[in-house]
Amino acid sequence: VLAVTSGKGGVGKTNIAANLAVCLAASNRRVLLLDADLSLGNLDLIMNIRSKYNISHVISGRKRIEEIIQVGPKGLQIVCGASGLDRLADLSEREQRGLLEHLSRLQQETDTILIDTAAGISSSVIGFCLAADHVLVVTTPEATAMTDAYGMIKILVRKQYAGPISLIVNMARTLAEGKQTYHRIADVAQRFLQTNLLYAGALLKDERLCTAVRSRTPVVLAYPKSQISSSFIAMAARLGGPRPGNSPGDSFFRRVARWLN
């Protein structure tokens, strides 16, 4: 279970979750993408999905999570978040436990569950992160985004999160700027939190990503041969690891690139 989170909004978290999920699904994995923004979910817009039911119907007990799953590209399973329901912005502990029980049932039928959390540090966001095997914190080189990303990391460490925490630097001007941004946050985390922050990679600014959002299509599908699509494929390969049963020569990159193209 991978949780994609951030300290603040506007850093491209949902786009990253959507494109990573498509890449993982294209490698013959059984992938579930969950929009866990319980009040302002917008994953349905990026994936161009019109869903009558969303996660609010599961939380209220009107639907089982299996009943609201939508099927996306390459068999990607998608659970849409709620929108405009402020009551769901912060779940009670009982509601969090119930939702996680629904997800735990799905783990038997999936290889990867990718959770796109809401922005911020509400208890439901932290709850989803603590339940994940691996947390991906998204930031940009902007000072405010870096500060908020570090704030999220600090909370996870203080809550004694046991899994790995990786940093994704989005909207970098160069790969060097992305690596520098990582080092600045990682050094502070090591010094003050005594924790090792991993580097998932950097994504460069690319106007094609904005164009893809406007067309409601993940950029890896809209522009499969672009540099940013290659970056997503490589990032997904590092996070996903090898798939059992695939021959060594049939690399993750080759399988995904072949399907996307």
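Which side chain meets aspartate 111 in a salt bridge? Arginine 30 does, at 3.3 Å, N to O. By salt bridge I mean a side-chain nitrogen of Lys or Arg within 4 Å of a carboxyl oxygen of Asp or Glu.

A word on the basis. This is a predicted model, where local features need pLDDT of at least 70 and side-chain atom pairs count only at pLDDT 80 or more, while totals for chains, interfaces and linings use all residues. Residues are numbered from 1 along each chain as its sequence is written, and side-chain values use heavy atoms, with hydrogens and water left out.

Back to the pair. Aspartate 111 sits in the loop between α4 (93-106) and β5 (112-117), and arginine 30 in the loop between α1 and β2 (31-36), so the bridge ties together parts 81 residues apart in sequence. Helices (H or I, at least four residues) and strands (E, at least two) are DSSP runs, numbered from the N terminus. Aspartate 111 is partly exposed at 31% relative accessible area. Arginine 30 is partly exposed too, at 43%. The cut-offs: buried is under 20%, exposed over 50%, partly exposed in between, with a 1.4 Å probe and protein chains only.

The structure holds seven salt bridges. One of them joins glutamate 177 to arginine 173, with the closest N and O atoms 2.6 Å apart. Glutamate 177 is buried at 13%, whereas arginine 173 is exposed at 63%. Elsewhere, Arg64, Glu66 and Arg105 form one network through shared partners.

Now the largest pocket. Its volume is about 520 Å³, taken as the space filled by probe spheres set on grid points joined across faces, edges and corners. A pocket here is an open set of points on a 1 Å grid over the protein atoms alone, where a 1.4 Å probe fits, with protein on both sides within 12 Å along at least five of seven lines; lining residues have an atom within 4 Å of a point. There are 31 lining residues, and Gly10, Gly12, Lys13, Thr14 and Asn42 lie nearest the centre. Elements giving two or more residues to this lining include α1, α5 (123-131) and β7 (165-172).

Take threonine 14. Threonine 14 lies in helix α1, residues 13-25. Threonine 14 is buried, at 13% relative accessible area. Leaving out residues up to four places away in sequence, threonine 14 touches Asn42, Leu43, Ile46 and Asp116, where contact means heavy atoms within 4.5 Å.
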